[in-house]
Amino acid sequence: MDVTTLDGRAYAKFLTAGSYFLRKYRQVLNDLNVFPVPDGDTGTNMYLTCRQAALEAGKLHDRSLADVAAAAAQGALMGARGNSGVIISQMLRGFAHHVRHRSEIDTFMLATGMREAVSAAKQALVKVVDGTIISVADAAADSAYHLSLHEPDFYRFLSGVLRSANEALDRTPEQLPVLKEAGVVDSGGAGFVYFLEGVLRFLPDIKIRSTAFPRRPVRHRVFTPHQIVGENKYCTEFILERATCSTGELREALQSRGDSLIVAGLEPTIKVHVHTDSPEGVQAVAGKFGELTRVKVDNMEQQHNVLLVDKPAVSHSVVALVPGPGFEQIVKELGVEVTLDGSHNPSVREIVLAINKCLSDTVYLFVNDKNATLAAQEAAKLSGRMVQVLATNDIVGGIAGLFALRAAQGDNAAAIVLSAAARTGSAQVFFAGKDATVGGTTVLRGKPAAASNGALYAGGSLGEAATAALSAMGAPNGGLITVYYGGAQKERDAQRLADDLRVAFPQADVEYYYGGQKNAEFWVSLDE
């Protein structure tokens, strides 16, 4: 498939890719879930809904885009679970309607299809709330439209859309007070972002890579006493088959029976989701208009209480030294509880204080700077906690170790973390502070240079120095290159470097993030 068109086969793959990312991060999304009720199931519901859409689309993957989109929409409707799942199903229905006569589309048609998708989701809701998945999807659709006017390439187009969706997601706590209170972004909006990232990672001719930093709650305890389920504690869902009414008529009949009401689909098959104190009453009213199937009733108060009792029991806490504010945000999203400013070597006392802020008696301490290892070891002895000092050499290795820690279990967790950190190649890219010669390579003061694993690399520009270091790491053979910008560099500089590295290493994927470090212009890493 050409990267400037989207056909039925590609759309089916995109749905599979998006649902894969939702499965991968469903527990992260469950942990973020506080709205409309804190029942901790948003990630699971979104994944199961999208999975059903992907399965139905896959059955017709060799057909036209119109046929595949219609199958996906029907699959999502029948398999929709929870608020977020039903909203996703309506987005897919709106998109399917938009492409109903198309065998393939370009970026402009995808953008206008996204607008119709959001419109369909809004129509299914009794009340649209700012700071939810609708806000994020709306921002993504607006960005898509403006980008599509001049960008025909799906990779660059979706990269821009994803960036706008992320920015909208970051705004959700300011739009919805309950999110700000809990210290989280909206879980449905985060799921939408993960879905988009999954699609982007699985574009044709793009290697399957995961670089999303999960959006963990800022606080470990997400659920607070003020976030209660309320009287309408039963999440009630069903399909109304052979419906004799319209969605509008059914919505009006059920509106007084609860809240979070969504009536979706088209007669004769209508999907209903509602939070109510009387599931039987809701079913009795709807039953007058057709046959109820796939009835599901969950007690959200029970679900919430389980989360309140069980969730905060943590097996371990994590402390990490970070060299900048961007890295601080990244590691917190990866589960770090307490951070320390690593732009200077922290004292033993500062490290002890950080350790003692942790909730758990078992603490993993990511050093992320070999110069701080001795101080960390002394602090571990003085803290009174069971501290495992993980002597990662730099922040890049620390991030790789944090990913590994999430999957590591038992007594060998530290070994797994250090092994993952050691496998990740990294280089610091900077302007030399003085004349130096290392291993036969000479750099002059003020000139671009890169340092990696004890070796020095020179270049006429920062990009050339970074390229030389990455070449030595094995980037010509492919892998994932990640650029973290700081120093005097801006996002446009990071984007320019990323573009140059894509040209230099066509077999590799390249991503960039804000690190905010003061001691280097860039950190670059290579994961094979």
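# Sheets, helix packing and buried residues

Strand S16 (residues 479-485) and strand S18 (residues 522-527) form an antiparallel pair over 6 bridges, where two strands count as paired if DSSP finds at least two bridges between them. The model is predicted, and local features need pLDDT of at least 70, side-chain atom pairs count only at pLDDT 80 or more, while totals for chains, interfaces and linings use all residues. Residues are numbered from 1 along each chain as its sequence is written, and side-chain values use heavy atoms, with hydrogens and water left out.

**The chain as a whole**

- The chain has 20 helices and 18 strands; helices (H or I, at least four residues) and strands (E, at least two) are DSSP runs, numbered from the N terminus.
- Of its 528 residues, 56% are buried, where buried means under 20% relative accessible area, exposed over 50%, and partly exposed in between (1.4 Å probe, protein chains only).
- Among contacts in the chain with a separation of 6 or more, 72% join residues 24 or more positions apart; contact means heavy atoms within 4.5 Å.

- S16 and S18 belong to an open sheet of 6 strands with mixed pairing, in the order S15-S14-S11-S18-S16-S17.
- Its edges are strand S15 (455-458) and strand S17 (508-514), each of which pairs on one side only.
- From one strand to the next, the twist averages 20°; axes are lines fitted to C-alpha atoms, for helices over the stretch in contact, and angles run from 0 to 180 degrees between N-to-C directions.
- Within the pair of S16 and S18, Leu480 stands opposite Asp527.
- Helix H14 (residues 325-333) lies across S16, S17 and S18, and runs at about 110° to S17.
- Helix H19 (residues 462-473) lies across strand S11 (425-431), strand S14 (448-452), S15, S16 and S18, and runs at about 160° to S11.

**Ala498**

- Ala498 is part of helix H20 (residues 491-504).
- Ala498 is buried, with a relative accessible area of 0%.
- Apart from neighbours within four places in sequence, Ala498 is in contact with Val510 and Tyr512.
- Ala498 and Tyr512 are 14 residues apart in sequence, and their C-alpha atoms are 6.8 Å apart.

**Strand S3 and helix H11**

- Strand S3 (234-241) has 6 of its 8 residues buried, so it is largely enclosed by the rest of the structure.
- S3 pairs with S5 in the antiparallel sense over 7 bridges, and Phe238 stands opposite Val272 in S5.
- S3 also pairs with strand S6 (residues 291-299), again antiparallel and over 7 bridges, and Leu240 stands opposite Leu292 in S6.
- Thr247, Leu250, Arg251 and Leu254 are buried in helix H11 (residues 247-254).
- These four residues are on the same side of H11 because they cover an arc of only 105° around the axis, the arc being that of the directions from the helix axis to the C-beta atoms.
- The partners against which the buried residues of H11 pack are helix H6 (107-124), S3, strand S4 (259-266), strand S5 (269-276) and helix H12 (279-287).

**The crossing of H7 and H10**

- Helix H7 (residues 133-148) and helix H10 (residues 187-201) have axes that come within 7 Å and cross at roughly 40°.
- H7 contributes Ile133, Val136, Ala137 and Ala140 to the contact, and H10 contributes Gly188, Gly189, Phe192, Val193 and Leu196.
- By class, this contact has 7 nonpolar, 2 polar and no charged residues; Ala, Val, Leu, Ile, Met, Phe, Trp, Tyr, Cys and Pro count as nonpolar, Asp, Glu, Lys and Arg as charged, and the others, Gly among them, as polar.
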